[in-house]
Amino acid sequence: ISPNYLSFLFKEEAGENFKDYILRAKMEKAMKLLKDTDYNLNRIADEIGYSDGRYFSHIFKKYSGVSPEDWREEIDE
């Protein structure tokens, strides 16, 4: 199976492309870790597969509209 055909099949079955599925899964796990732990951003980044906490923060903000720190503060209120 070619990568393009596999991607097509995944989108047909899941309703979203593979890249978006992985990003959503990572961000959902990050949100859970931000809510349930006091892990720092580097540790959360590592837990979800990013080696750089700054890059994770950038991706998280792009995904959610707020920084991980601000998101954690909002859920603590």
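R24 is partly exposed, with 27% relative accessible area (buried is under 20%, exposed over 50%, partly exposed in between; 1.4 Å probe, protein chains only). This is a predicted model, in which local features need pLDDT of at least 70 and side-chain atom pairs count only at pLDDT 80 or more, while totals for chains, interfaces and linings use all residues. Residues are numbered from 1 along each chain as its sequence is written, and side-chain values use heavy atoms, with hydrogens and water left out.

**Salt bridges**

- The structure holds 5 salt bridges (a side-chain nitrogen of Lys or Arg within 4 Å of a carboxyl oxygen of Asp or Glu).
- One of them joins E16 to R24, with N to O at 2.5 Å.
- E16 counts as buried, at 18% relative accessibility.
- R24 also forms a salt bridge with E28, at 3.4 Å from N to O.
- E28 and R24 are 4 residues apart in helix α2 and so are separated by about one helical turn (helices are DSSP runs of H or I with at least four residues, strands are runs of E with at least two, and both are numbered from the N terminus).
- E28 is partly exposed, its relative accessibility being 44%.
- A further salt bridge links K32 and D36, whose closest N and O atoms are 2.7 Å apart.
- K32 and D36 are likewise 4 residues apart in helix α2, which means a separation of about one helical turn.
- K32 counts as exposed at 53% relative accessibility, and D36 as partly exposed with a relative accessible area of 46%.
- Through shared partners, salt bridges join E16, R24 and E28 into one network.

**α2 against α4**

- Helix α4 covers residues 53-64, and its axis comes within 11 Å of the α2 axis, the two crossing at roughly 100° (axes are lines fitted to C-alpha atoms, for helices over the stretch in contact, and angles run from 0 to 180 degrees between N-to-C directions).
- α2 is therefore roughly perpendicular to α4 (under 35 degrees is roughly parallel, over 145 roughly antiparallel, 65 to 115 roughly perpendicular, and the rest oblique).
- On the α2 side the contact uses L23, R24, M27, A30, M31 and L34, and on the α4 side F56, I59, F60, Y63 and S64 (contact means heavy atoms within 4.5 Å).
- The residues of this contact of α2 with α4 are 9 nonpolar, 1 polar and 1 charged (Ala, Val, Leu, Ile, Met, Phe, Trp, Tyr, Cys and Pro are nonpolar; Asp, Glu, Lys and Arg are charged; the others, Gly among them, are polar).

**α2 against α5**

- Helix α2 spans residues 18-36 and helix α5 residues 68-76; their axes come within 9 Å and cross at roughly 55°.
- α2 and α5 are therefore oblique to each other.
- The residues of the α2 and α5 contact divide into 6 nonpolar, no polar and 2 charged.

**Loop between α4 and α5**

- S67 lies in the loop between α4 and α5.
- S67 is buried, at 15% relative accessible area.
- Apart from neighbours within four places in sequence, S67 is in contact with F60 and K61.
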